[in-house]
Amino acid sequence: QMANSSSVTEFLLLAFADTQELQLLHFWLFLGIYPAALLGNISIITAVACEHCLHTPMYFFLLNLSLFDLGSISTTVPQSMANSLWNTKALSHLGCVSPVFFLVFIFGAEYSLLIVMAFDHYVAICKTLHYETILGSRDCVHAAWGRVFPRCLLHTANTFSLPFCQGNAVDQFFCEIPQILKLSCSDNYLRGIGLFVFSLALASGCFVFIMLSYTQIFRAVLRIPSEQGWHSACSMCLPHLAVVSLFISSCLVAYLKPSSISSPSLDLVVALLYLVVPPAANPLIYSMRNQELK
């Protein structure tokens, strides 16, 4: 039992602590996924940066999305692999705070970028003649990076300022906010939940904006007489819609699932779905139907 957060000098990551075989299986699984994610996202970044025909707002956004994916998977997976390989569970207080801050920042910026990409597709299809005047890609990306920073700083500070009365054992392979909140005292738990609800309301409003944008996009697509134009519009929108659906659905399950159905194995699977799978799958999703990127 810990009196408060200042007395917690380290956290114990217990997701794979049962047997050495599970730790090795986790290590080899991540050893296959992590290089594939690195290769896919670095390939997209290199292609967009070096190929002049890809110097358009859409691919500029895709380059930044790949940067976010690299950041999210590199923040936690290498450390988790090292812990499994060396059979260590302990993580310092700073070693837990830093990944939480970077993950909140990256996820917030990535969500903002997905919203900007939805608006980009809407303008490209529904307001084609005004595309260059309406959308400033670099300004949009700077906004995605900059406006998230104060919110993620507040979110991280609020999480780790809570008194921890339930020990320091985290049932996850990285420091995850829902798992950390479980360690806090019951009378202080609502303060973390309050900020959570505010963030959820903001994210829900953005999700509604994305859905409204795609409603207008699909209405416009249905009016396109050319089959080639129809396929071009679908090739632009469907990968982004798949990425948004995967990202949002997995995050919602991770952060909003009832405690009655929560279990260490379910929490682990959900964390893999929103933290590890998207960075590895996004390059495949975006390049599968995109001839220019291929």
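Here are a few questions and answers on helix packing and a surface patch in this predicted model.

Local features need pLDDT of at least 70 and side-chain atom pairs count only at pLDDT 80 or more, while totals for chains, interfaces and linings use all residues. Residues are numbered from 1 along each chain as its sequence is written, and side-chain values use heavy atoms, leaving out hydrogens and water.

Q: Are α2 and α3 roughly parallel or roughly antiparallel to each other?
A: Take α2 (residues 57–85) and α3 (residues 93–126), helices being DSSP runs of H or I with at least four residues; their axes come within 9 Å and cross at roughly 160°. Axes are lines fitted to C-alpha atoms over the stretch in contact, with angles from 0 to 180 degrees between N-to-C directions. Angles under 35 degrees count as roughly parallel and over 145 as roughly antiparallel. The pair is therefore roughly antiparallel.

Q: How many nonpolar residues does the contact of α1 with α2 have?
A: The axes of α1 and α2 come within 9 Å, crossing at roughly 160°. By class, their contact has nine polar residues, one charged, and, counting Ala, Val, Leu, Ile, Met, Phe, Trp, Tyr, Cys and Pro as nonpolar, a nonpolar share of 22.

Q: Which helix gives the most to the nonpolar patch?
A: Leu 24, Trp 28, Leu 31, Leu 85 and Trp 86 make a nonpolar surface patch of about 550 Å². Trp 86 lies in the loop between α2 and β2 (90–92). With three residues, the top contributor is α1 (residues 20–50).

Terms used: Helix = DSSP H or I, 4+ residues; strand = E, 2+ residues; numbered from the N terminus. Parallel < 35°, antiparallel > 145°, perpendicular 65-115°, else oblique. Patch = residues over 30% accessible without salt bridge, like charges linked within 9 Å, V, L, I, M, F, W, Y side chains within 5 Å. Areas by Shrake-Rupley, 256 points an atom, 1.4 Å probe, with all protein chains shown as cover. Salt bridge = Lys/Arg side-chain N within 4 Å of Asp/Glu carboxyl O.
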